[in-house]
Amino acid sequence: MHKTTQKTFYHDPVLLEESVSYLLTDPSGIYVDCTLGGGGHSEAILEKLAPVGRLIGIDRDETAIQFASQRLQSYKNQFQAVCSPFSKIEQVLQSLEIHSVSGLLLDLGISSPQIDEGERGFSYMTEGPLDMRMSSDDPISAFDIINTYPERELADLFYIYSEERLSRRIARKIVHNRNESPIRTTRELADIVRGCVPGKYQIKSLSRVFQALRIVVNQELDQLKHCFQNGYSFLAPCSRVVVITYHSLEARMVKRYFRGDDPTFSKEDPVTPMPKYHFRILTKKAILPSEAEIQRNPRARSAALRCGERIEIL
Ligand SMILES: C[S@@+](CC[C@H](N)C(=O)[O-])C[C@H]1O[C@@H](n2cnc3c(N)ncnc32)[C@H](O)[C@@H]1O
């Protein structure tokens with residue numbers, strides 16, 4: 001488990017009412033919250049379920065599982081938390097002998113406590129080791145990437161995953177500095193980025209570089225692809241998939257999936273000849289947080305909710 005000094009794992013759930021009302025069609029159904037986090041969405045789902053309804057909460061972060069299990073212990077007959085990456089949804093559901101579900105919720109990205117805890121190394125605003133792993137079981141940390149990737153691959157990573165325009169300059173400086181001594185902390189990396197980018201653009205570049213690294217460390221796009229692919233066969237007719245995304249690469253994958261295409265992100269964007277997945281899109285336009293929600297919780301500002309309903313093709 002991650003060493004954490006945090007007593008709580010509180011995360012303010014984003015688009016809470018909207019996501020629960022899109023997700024729940026049958027109060028007696030079985031639902032999966034693939035991104036349990038602090039359990040905010042799960043609690044709101046459980047409040048609305050009938051006594052026979054069930055909810056499985058998945059998270060790859062052991063700290064989240066511990067916190068949410070405590071928080072939701074009064075629902076112990078209806079709720080079960082499983083520590084696993086959501087790409088393994090098939091194994092999780094099989095191990096619980098669940099063959100069909102009424103809905104999946106994915107609230108992507110990271111929880112507030114993961115960002116705020118310096119030791120986790122996710123943020124350029126707090127000092128900590130360059131880690132960024134959501135699960136301590138994951139083999140590769142941000143330190144490994146920053147200190148071993150060739151310059152060209154580092155630059156590509158910053159460009160492909162965050163569209164950072166100064167990616168080459170930043171990669172060159174990283175390699176120059178690590179040749180003197182390894183880059184160990186979030187502050188060291190942040191200082192390198194600041195040194196490459198003019199003042200007024202620094203915050204955006206810092207966010208982009210840290211986000212790109214986080215996506216690669218946690219294989220976030222691969223995780224999403226496998227969750228979509230492996231979860232599909234469990235979706236009952238008329239069940240719903242609700243996804244809250246926080247950046248354009250995730251959003252593109254969700255749109256492709258709901259259109260029936262392979263969700264794999266690719267620069268070439270090949271057209272899949274036959275749709276593999278069958279959904280009716282219930283959100284013609286993504287649902288965005290209100291101004292009031294963003295004021296109350298600025299971390300909601302880039303959120304976008306989409307919902308697809310599984311249809312049967314005869
Ligand atoms: C934005 S938070 C979810 C917050 C939650 N909805 C709540 O109300 O507290 C995202 C959570 O998903 C988890 N997560 C991200 N990617 C994951 C993956 N591939 N497999 C399992 N959990 C993942 C993170 O550890 C984090 O706790």
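Guide: What follows goes through domains, salt bridges, backbone angles and one cysteine. The model is predicted, with local features needing pLDDT of at least 70 and side-chain atom pairs counting only at pLDDT 80 or more, while totals for chains, interfaces and linings use all residues. Residues are numbered from 1 along each chain as its sequence is written, and side-chain values use heavy atoms, with hydrogens and water left out.

Visitor: Which domains does the assignment give for the protein chain?

Guide: Domain bounds here come from an automatic or database domain assignment. Domain 1 covers 16-113 + 220-310, and domain 2 covers 139-217. Their C-alpha centres are 30 Å apart. Seven residues of domain 1 and five residues of domain 2 take part in the contact, where contact means heavy atoms within 4.5 Å.

Visitor: What area is buried between domain 1 and domain 2?

Guide: The size of an interface is often given as the accessible area lost when the parts come together. Buried area is that loss for two parts, taken with a 1.4 Å probe and summed over both. Between domain 1 and domain 2 the value is about 690 Å², and carbon and sulfur atoms give 57% of the area.

Visitor: How many salt bridges cross the interface of domain 1 and domain 2?

Guide: Side chains of opposite charge can pair when their charged atoms come close. The rule asks for a side-chain nitrogen of Lys or Arg within 4 Å of a carboxyl oxygen of Asp or Glu. It finds one salt bridge across the interface of domain 1 and domain 2. Arg214 and Glu220 form a salt bridge, with 2.8 Å between the closest N and O atoms.

The interface of domain 1 and domain 2 also has two residue pairs in polar contact, both at pLDDT 80 or more. On the side of domain 1 that touches domain 2, four residues are nonpolar, two polar and one charged. For that division, Ala, Val, Leu, Ile, Met, Phe, Trp, Tyr, Cys and Pro count as nonpolar, Asp, Glu, Lys and Arg as charged, and the others, Gly among them, as polar. A polar contact is a pair of N or O atoms within 3.5 Å; within protein, one must be able to donate a hydrogen and the other to accept it, and residues adjacent in sequence count only if both atoms are side-chain atoms.

Visitor: What is the count of salt bridges by this rule?

Guide: The count comes to 18 salt bridges. One of them joins Arg296 and Asp12, whose closest N and O atoms are 3.1 Å apart. Arg296 is in helix 13 (residues 291-296) and Asp12 in the segment before helix 1 (16-23), so the pair ties together parts 284 residues apart in sequence. Helices (H or I, at least four residues) and strands (E, at least two) are DSSP runs, numbered from the N terminus.

Visitor: Is Arg296 buried or exposed?

Guide: Buried means under 20% relative accessible area, exposed over 50%, and partly exposed in between (1.4 Å probe, protein chains only). Arg296 is exposed at 54%, and Asp12 is partly exposed at 24%.

Visitor: Which side chains meet Glu309 in a salt bridge?

Guide: Arg240 meets Glu309 at 3.0 Å, N to O. This pair links distant parts of the chain, with Glu309 in strand 7 (residues 304-310) and Arg240 in strand 5, 69 residues apart. Arg280 also meets Glu309 in a salt bridge, at 3.0 Å, N to O. Arg280 is in strand 6 (residues 279-281), 29 residues from Glu309. Glu309 is buried at 8% relative accessibility, as is Arg240 at 16%, whereas Arg280 is partly exposed at 43%.

Visitor: Which residues have a positive phi although they are not glycine?

Guide: Most residues other than glycine have a negative phi, and most peptide bonds are trans. Among the cases here, Glu97 has a positive phi of about 60 degrees. Glu97 is in the loop between helix 4 (89-95) and strand 4 (101-107), and is exposed at 65% relative accessible area. Cys238 has a positive phi of about 70 degrees. Cys238 is placed in strand 5 (residues 235-245) and is partly exposed at 47% relative accessibility.

Visitor: Where does Cys227 lie, and which residues does Cys227 touch?

Guide: Cys227 is in helix 11 (residues 220-232) and counts as buried, at 0% relative accessibility. Leaving out residues up to four places away in sequence, Cys227 touches Cys34, Phe86, Ser87, Ile89 and Leu106.
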